[in-house]
Amino acid sequence: MSRNTDEGATHTPDGRPWSEQPQWRRDFPIDLETDEYVSRRDFTSFMVLISSAFACGQLWIVGQNAWRERRGKPPLKEIARLSELPVGASTTFHYPTENETCVLVRLEERKLVAFDQACTHLSCPVIPRVSEKRFECPCHNGSFDLETGHPTAGPPRRPLARIRIDLAGDKVLANGYA
Amino acid sequence: MHSRRFTRQQRVPIVMAVLCIVITIVVMQLWLLTATMDAYLRRDASILVPAALASLVCLALNVGLLLHLRRLDA
């Protein structure tokens with residue numbers, strides 16, 4: 001088979017130079033080497049498309065963060081009363097919206113902690129085990145420190161989102177994220 | 001620059017080299033994206049904008065390499 005010395009490809013059907021051939025013939029060559037070249041070039045284009053998708057993802061995160069900051073600090077909200085929550089007990093509440101469940105634990109007389117109840121692994125609700133000083137995620141045996149919310153075992157890598165607690169007399173108030 | 005100075009056989013290693021660089025940059029972008037998402041979920045906003053800028057720089061590099069590749073075919 002004779003070869004076009006300029007392109008390293010087979011002769012074109014109409015005898016015109018390779019550079020004058022229509023785009024479709026250049027994109028779908030019958031020559032194996034040329035086909036490899038075109039497929040690698042097109043794969044490079046595809047990878048650049050993936051690259052632009054990742055960059056868009058980054059910008060989306062920045063936008064989401066800006067939107068979250070624009071919403072401002074969550075409002076102060078009464079979530080429990082000290083008289084109804086003995087030391088060592090826990091309760092759940094919704095904060096900052098009705099769709100987000102959190103858990104409040106009374107560790108000592110005047111020491112309370114509150115965290116988002118969604119596990120940072122796959123959002124299963126965590127269960128406080130006060131006697132073991134940890135939160136347990138039953139889905140994948142995840143474990144978080146009861147006081148700090150930091151992961152101590154299992155697949156979770158991020159701490160639970162902590163909610164700032166204020167006390168006003170008998171009232172327990174949620175005051176944004178810590 | 002006249003791109004036809006390269007034969008197709010010479011352009012195959014060029015496209016392979018460009019492809020390797022592009023893949024490396026894309027892997028870096030993937031790492032950046034996962035790290036940024038992790039920071040966002042931790043409510044740590046300090047690295048979000050620098051990471052986004054770094055990702056845009058990576059994208060610009062990739063687009064530049066792709067354009068260079070296109071110029072070889074022109």
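**Entry 1: helix against helix**

I began with helix H2 of chain A and helix H1 (residues 8–41) of chain B, which pack at an angle of about 20°. Their axes lie 9 Å apart. Angles under 35 degrees count as roughly parallel, so H2(A) is roughly parallel to H1(B). I note here that the model is a predicted one.

Next I looked up the handedness. H2(A) passes H1(B) in a left-handed crossing. I then sorted the residues in this helix contact by class. The contact of H2(A) with H1(B) has 22 nonpolar, 10 polar and 6 charged residues.

**Entry 2: chain A against chain B**

I turned to the whole contact of the two chains. Chain A puts in 31 residues and chain B 37 residues. Which helix gives the most to the side of chain A that touches chain B? I found helix H2 (residues 32–70) of chain A, with 23 residues. By class, the side of chain A that touches chain B holds 13 nonpolar, 11 polar and 7 charged residues.

**Entry 3: the sheet in chain A**

I looked for strands and found an open sheet of 4 in chain A. The order is E7-E8-E9-E10, and the pairing is antiparallel. Which strands stand at the edges? They are E7 (127–129) and E10 (151–153) of chain A. Each has a single partner strand, so one side of each is left without a neighbour in the sheet. On average, neighbouring strands of this sheet are turned by 35° against each other, direction ignored.

I followed E7(A) to its partner. It is joined by 3 bridges to strand E8 (residues 134–137) of chain A, and the two run antiparallel. I picked out one bridge: A:Pro128 has A:Phe135 in E8(A) as its partner.

Note on methods:
Residues numbered from 1 in each chain as written. Chains lettered and ligands numbered in written order. Predicted model: local features only at pLDDT ≥ 70, side-chain atom pairs only at ≥ 80, totals over all residues. Pairing = 2+ DSSP bridges. Axes fitted to C-alpha atoms, helices over the stretch in contact; angles between N-to-C directions. Contact = placed C-beta atoms within 7 Å. Nonpolar A, V, L, I, M, F, W, Y, C, P; charged D, E, K, R; others polar. Parallel < 35°, antiparallel > 145°, perpendicular 65-115°, else oblique. Left-handed = near helix turned anticlockwise from the far one by under 90°.
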